[in-house]
Amino acid sequence: SRQGAAVYGDYLVHAHDKAGVAIFSIASQKVVKTGELQRYSPDNHCNNICFSDRFYEKSDKFPLLYVSENHTSDIDVNRLSSLDSEFQLVQRITLPKEIGYYLNAVFDFKNNYIYTVCYHEKNWRTNDGGNYLTVSKLRLPALAEGEHVTIDKIITRFNIPFRTATQGAFFANGYIVHGFGDNENNVALEIIDPGKKKVARVIEAQDVFHDEIEGVAPYGDHSVIVALQHGKVYQVDFEPR
């Protein structure tokens, strides 16, 4: 099944459950490469992926890609030096269990922070038992810290109302842009403000997409790419304020 998506330049990288991946040229709308993200594991749902602003080597064609495993508390940092190479695991980040369940991570690469959006209960389908979403802020380790880094401290944490199924997300301009929903009745984008510790805006999207959001990624200055469960990809333009 299709999962997280990220955009770099003209390329859309779309992850699949169990670490599969396809790379598309946005201009031609064609697949230019398929392969596997690292690490390969039946537990690696690849629910969210985000390109960083840093390269493993200056000559690399793509910046480092950060992959949320989702069924574990691990983030896998992947390197793809060119379309002719394969993905390489260069760092694994293990987060504390206190972040909650079903890891979805985004990254403030400018200030070196991780933000996670997880469920309080091990249940992403319903708010049974008072289930809710919890947003945690943690430090982002440098590559120089080694191949496996364990983060044991949450800097800040706050809760937001329950929504079904955490999907694709990214961090930009101080906000988390996050997709939710497992069918056309629950599909939405939420704009989460970590500074004010609240949801700043909800954009209901079931009338637009009629499908489950899987990947959400920034594209250009005022656009977002939204990739759906059954293969459609949308460019959504927003007017600047």
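The questions below go from overall build to sheets, rings and cysteines.

Analyst: This is a predicted model, in which local features need pLDDT of at least 70, side-chain atom pairs count only at pLDDT 80 or more, and totals for chains, interfaces and linings use all residues. Residues are numbered from 1 along each chain as its sequence is written, and side-chain values use heavy atoms, with hydrogens and water left out.

User: How many helices and strands are in the protein?
Analyst: Helices (H or I, at least four residues) and strands (E, at least two) are DSSP runs, numbered from the N terminus. The protein has 1 helix and 20 strands.

User: What is the radius of gyration of the protein, and what would a compact globule have?
Analyst: The radius is taken over C-alpha atoms, and the globule rule is 2.2 Å times the number of residues to the power 0.38. The C-alpha atoms fill a box of roughly 50 × 40 × 40 Å along the principal axes. With 241 residues, a compact globule would be near 18 Å; the protein agrees, at 17 Å.

User: What percentage of the residues count as buried?
Analyst: Buried means under 20% relative accessible area, exposed over 50%, and partly exposed in between (1.4 Å probe, protein chains only). Of the 241 residues, the buried share is 52%.

User: What kind of aromatic pair do Y11 and F62 form?
Analyst: Rings of Phe, Tyr and Trp (its six-membered ring) pair if their centres lie within 6.5 Å; planes under 30 degrees apart count as stacked, over 60 as edge-to-face and the rest as tilted. The count is 12 aromatic pairs. Here the centres are 5.4 Å apart and the planes 65 degrees, so by the cut-offs the pair is edge-to-face.

User: Where in the chain do Y11 and F62 lie, and how many residues apart?
Analyst: Both count as buried, Y11 at 18% relative accessibility and F62 at 2%. They also belong to one aromatic cluster with Y8, F51 and F55. Y11 is in strand β2 (residues 11-16) and F62 in the loop between β5 (44-51) and β6 (65-70), 51 residues apart.

User: Which residue lies over the face of Y113?
Analyst: A charge sits over a ring if NZ of Lys or CZ of Arg is within 6 Å of the ring centre and within 35 degrees of the ring normal. At 4.0 Å from the ring centre of Y113 lies K137.

User: How many disulfides are there?
Analyst: A disulfide is a pair of cysteine sulfur atoms within 2.5 Å. The sulfur of C50 is 12 Å from the closest cysteine sulfur, in C46, too far for a bond. C118 is in no disulfide, as the nearest cysteine sulfur, that of C50, is 13 Å away. The count is 0.
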